[in-house]
Amino acid sequence: MASITALVILGLLWGGVYLLMAEGLNLIYGVMKVVNLAHGDLIVFGGLLAYTLFAHAGLTPITALLPVALALFALGAVIQWGVLERIPLGGAAGELRTLLATFGLSYVVSNTSFLLWGGQFQSIPFLQGALRLGPLAIPEGLLACSLAAFVAALLVHFWLHRTMAGKALRATAESPLGAASCGLEIGRIRIIAFALGAAMAGAAGALVIALVPFQIASGGDLTVQSFTLIALGGLGNYLGAWIAAEILGLTEVMSQYYLGPDIASAVIYLLFIAVLLFRPQGLLGRVGRI
């Protein structure tokens, strides 16, 4: 019984980290209908930037969270303003153009990371002990990173629903034409949305590198993992992504414990395929859309 309780707690904690990894991608898709294929590479870039701050300034993943997020916010704003904003989105080829553009950006970000940090794996030793709760042992690093991820996700959720800027962003996601007719500057809102998505990717990278070692090739897997999560929750669906993150966290921890790590990866993608077959609109449909 104690082992099952420990597995459930670990699964929920990993769900918090997965949520922050995928929320940036979810936000960008919800507002702009752009699948950002460079998302995983931005997570890796943020993680390696946190590694540099740890190596040269002694910042922990928690204290590096804000400077890394701000740096990625600026980078995301430049990418949106300088590249994506200039690509015509109309017509049947609009989504394909943005898909190809973000595919190219993933190579640019990945190769920039290679030039700056090389190709070796990097990680940050952080809170490597365990918190004992009776018979349960909870990894302190995972607990701290998961709590920080939950707080960051809740702050973004509060900003989206309780501030005028967040409501303007949600209005643009619902109807760009209607938002423009109300006087909102759609171009500026898209820049903020992409920059915020990149900042969340960077924040996730700063936390995840303390749990899983990164190298530049990790970006592809992180993009697929994030996309799987938001597809499960429903593209652009904030609440659905939250539930999907917890389901994925529990599924991964349980299947790794009982079936082994190789089969665990297959179980996650089988779950993804099952949702696409029987619930293609995601777990919650339109409920909870950004």
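Contact here means heavy atoms within 4.5 Å. The structure is a predicted model, in which local features need pLDDT of at least 70 and side-chain atom pairs count only at pLDDT 80 or more, while totals for chains, interfaces and linings use all residues. Residues are numbered from 1 along each chain as its sequence is written, and side-chain values use heavy atoms, with hydrogens and water left out.

Ser-113 lies in helix α4; helices are DSSP runs (H or I, at least four residues) numbered from the N terminus. Leaving aside residues up to four places away in sequence, Ser-113 touches Phe-45, Leu-48, Gly-118 and Ile-216.

The table sets out the accessibility of two residues, where buried means under 20% relative accessible area, exposed over 50%, and partly exposed in between (1.4 Å probe, protein chains only).

| Residue | Relative accessible area | Class |
|---|---|---|
| Ser-113 | 2% | buried |
| Glu-85 | 25% | partly exposed |

One salt bridge is found in a search of the whole structure; the term requires a side-chain nitrogen of Lys or Arg within 4 Å of a carboxyl oxygen of Asp or Glu. Arg-190 pairs with Glu-85, their closest N and O atoms being 2.8 Å apart. Arg-190 is in helix α8 (residues 186–208) and Glu-85 in the loop between α3 (61–82) and α4 (94–117), so the pair ties together parts that are 105 residues apart in sequence.

Helix α8 also meets α2 (residues 39–57): their axes, lines fitted to C-alpha atoms over the stretch in contact, come within 7 Å and cross at roughly 50°. Among the residues making this contact are Gly-46 and Gly-47 of α2 and Ala-201 and Gly-202 of α8.

Key:
Helix = DSSP H or I, 4+ residues; strand = E, 2+ residues; numbered from the N terminus. Axes fitted to C-alpha atoms, helices over the stretch in contact; angles between N-to-C directions.
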